Amino acid sequence: MNKNPKFSLVIPCYNEEGNIELLINKCYELFKNNNYEVIFVENGSTDNSLKILKNNLKNKNNFTLLRVFQNKGIGHGIIEGLKVTKGDIIGWTHGDLQTDPSDVKKAFVLSKKIKGDFLIKGNRISKNRSFLELFFTFGLGIFESILFLRNFWEINAQPNIFTRSFFLKWKNPPKDYNIDLYCYRKALISKISIIRFDVEFKKRFSGESKWNKNLFVRFFFILKTIKYSLKLRFIKNVNN
């Protein structure tokens with residue numbers, strides 16, 4: 001492992017055994033240069049993800065496996081990965097291949113032109129997305145924008161790439177999927193540069209979504225997000 005990579009990418013993997021081998025191969029094509037490090041977080045999976053990660057990460061010097069023994073949520077896995085990164089520019093994307101690792105490479109390239117702290121975040125285009133998904137995404141953005149009096153949109157889009165100095169200002173980020181909202185809101189209230197670029201949200205290569213299974217699960221996801229948002233807005237010293 002290069003001791004001084006410029007860029008660090010964290011990818012949490014939870015029960016993604018059908019995606020991992022292809023994911024690693026795609027990442028290796030993009031990030032085998034020693035300017036990069038890629039940290040795969042095995043986030044307490046119950047399938048064969050750990051075994052597949054170990055087998056496929058052999059002899060890849062700038063690729064690291066970090067094991068989280070108990071799944072406490074995607075946010076927890078991401079934070080554990082970010083804590084051990086070595087780059088000046090760090091961030092995460094998902095391990096389900098619905099978000100292409102090449103988008104991370106684009107974000108890293110964009111970062112070279114920016115001074116000071118920043119957040120670079122994807123902006124999902126409508127291709128391959130159902131009307132219901134677009135409705136939930138649009139509705140959530142409107143709700144958050146009204147609640148916080150700031151312009152939110154595409155809150156859960158990937159990747160999320162930012163400076164280490166920005167990350168070091170985080171306090172008690174959430175352990176679940178609300179980490180996307182936390183990161184976005186933190187960037188907005190910190191008044192740092194926020195750069196958005198279009199990304200394609202692809203169909204899953206293998207397996208099923210952990211949250212997008214049916215209407216009930218989506219509704220529960222929205223309710224949980226609203227509850228967390230209200231805490232952020234009205235309770236002092238909560239995840240600030």
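How do H5 and H8 lie to each other, roughly parallel or roughly antiparallel? Keep that one in mind for a minute. Just so everyone knows, what we have here is a predicted model.

Okay, the helix pair. The axes of helix H5, residues 131-148, and helix H8, residues 215-234, come within 11 Å and cross at roughly 10°. Angles under 35 degrees count as roughly parallel, and H5 and H8 are therefore roughly parallel to each other. On the H5 side the contact includes Leu132, Phe136, Leu140, Phe143 and Leu147, and on the H8 side Leu215, Ile222, Ile226 and Leu230 are among the residues.

Lys236 is exposed, at 75% relative accessible area. Take Asp100 as a reference point: Lys236 is 136 residues from Asp100 in sequence, and their C-alpha atoms are 37 Å apart.

Now the sheet. Seven strands make an open sheet, and the order is S3-S2-S1-S4-S6-S5-S7, with mixed pairing. At the edges stand S3, residues 63-68, and S7, residues 193-199; each has a single partner strand, so one side of each is left without a neighbour in the sheet. On average, neighbouring strands are turned by 20° against each other, ignoring direction.

Let me go through some of the pairings. S1 and S4 are parallel, over four bridges, and Phe7 has Ile89 in S4 as its bridge partner. S4 and S6 run antiparallel, also joined by four bridges, and there Ile90 pairs with Phe162 in S6. Over at S7, seven bridges join that strand to S5, residues 118-124, in parallel, with Phe118 standing opposite Ser193.

H1, residues 20-31, touches S1, S2 and S3, and its direction makes about 165° with that of S2. H4, residues 101-111, touches S1, S2, S4, S5, S6 and S7, at about 145° to the direction of S7.

A quick word on H3. Seven of its ten residues are buried, so H3 is largely enclosed by the rest of the structure. The buried ones are Gly75, His76, Gly77, Ile78, Ile79, Gly81 and Leu82.

Last stop, Asn56, in helix H2, residues 49-56. Is Asn56 buried or exposed? Buried means under 20%, so at 16% relative accessibility Asn56 counts as buried. Leaving aside neighbours within four places in sequence, Asn56 is in contact with Glu21 and Ile24.

How values were computed. Residues numbered from 1 in each chain as written. Predicted model: local features only at pLDDT ≥ 70, side-chain atom pairs only at ≥ 80, totals over all residues. Heavy atoms only, no water. Pairing = 2+ DSSP bridges. Helix = DSSP H or I, 4+ residues; strand = E, 2+ residues; numbered from the N terminus. Axes fitted to C-alpha atoms, helices over the stretch in contact; angles between N-to-C directions. Contact = heavy atoms within 4.5 Å. Parallel < 35°, antiparallel > 145°, perpendicular 65-115°, else oblique. Buried < 20%, exposed > 50% of the residue type's maximum accessible area, 1.4 Å probe, protein only.
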